[in-house]
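Visitor: Could you take me through one part of this protein slowly? I'd like to look at its pockets.

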Amino acid sequence: MRKGPRPVVLCGPSGSGKSTLLNRLFKEFPNTFGFSVSHTTRKPRPGEQDGVHYNFIERDIMKKMIGNGEFIESATFSGNIYGTSKEAIRKIQIAGKVCILDIEPQGVEQVKKTDLNPILIYNNPPSLEALEQRLRKRNTENEETLKKRLASARDEIAYGLTPGNFHKIINNIDIDEAYQDFRDFLLSELKAQELEGKLYLK
């Protein structure tokens, strides 16, 4: 289904600072990048808007859509299903923007098998302890869900730091330095595509 510039996959544990990186990127380059809004069966957190942060959907409906082949990737995380629909990517491509996907390792492996040829970036937290502190400050988890997220984070960090899984690893210790590293890498990749006549930065 690839029809536009290479999409960008950003992967990293919940609480590692992905949203901050993306918000800065979209603010600086509002006409270049577009965020693929994932579907999820989990309930919205306070302040989350349907269609903006996620497309919140009932489990039965999402399973049916997955069965119909409407998703390029889907994964179960902390008991909830997450996925990226083909339609979500298509909308961004039609708008002429670079599609950014925020997905889990299971989804990354599935996307690698498509013809999208994504730019793969892993956002690494300072430490598991720092990640736990960030998640606790959010106040969105109880002890049980927090333990599940931290267990998943351990696996995700191991996957993210395995050589060959990603084109770039961002060590998100200082957010300003992390964003500069993230931004510079992306722009160098996109300029390379521009030289090939595949994309013009806007």
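Visitor: How much space lies in the largest pocket?

Guide: Before the number, a word on the model. It is predicted, so local features need pLDDT of at least 70 and side-chain atom pairs count only at pLDDT 80 or more, while totals for chains, interfaces and linings use all residues. Residues are numbered from 1 along each chain as its sequence is written, and side-chain values use heavy atoms, with hydrogens and water left out.

Now to your question: the largest pocket holds about 960 Å³ of space. A pocket here is an open set of points on a 1 Å grid over the protein atoms alone, where a 1.4 Å probe fits, with protein on both sides within 12 Å along at least five of seven lines; lining residues have an atom within 4 Å of a point. The points are joined across faces, edges and corners, and the volume is the space filled by probe spheres set on them.

Of the 36 residues that line this pocket, Ser19, Glu48, His53, Tyr54 and Asp102 are the closest to its centre. Two or more lining residues come from each of helix 1 (18-28), strand 5 (71-77), strand 6 (80-85), helix 5 (128-138) and helix 6 (143-160). These elements are DSSP runs numbered from the N terminus: helices are H or I with at least four residues, strands are E with at least two. Helix 1 gives the most to this lining, with six residues. By class, you get twelve nonpolar, 13 polar and eleven charged residues. Nonpolar covers Ala, Val, Leu, Ile, Met, Phe, Trp, Tyr, Cys and Pro; charged covers Asp, Glu, Lys and Arg; the others, Gly among them, are polar.

Now try the second largest pocket, with a volume of about 190 Å³. Its lining includes Arg42, Lys43, Ser78 and Thr140. Helix 6 gives the most here, with three residues. This lining has no nonpolar, four polar and six charged residues.

Let's go back to Tyr54, one of the residues closest to the centre of the largest pocket. Ring pairs link Tyr54 with Phe56, Phe77 and Tyr82 in a cluster. Rings of Phe, Tyr and Trp (its six-membered ring) pair if their centres lie within 6.5 Å; planes under 30 degrees apart are stacked, over 60 edge-to-face, and the rest tilted. The whole structure has seven aromatic pairs.
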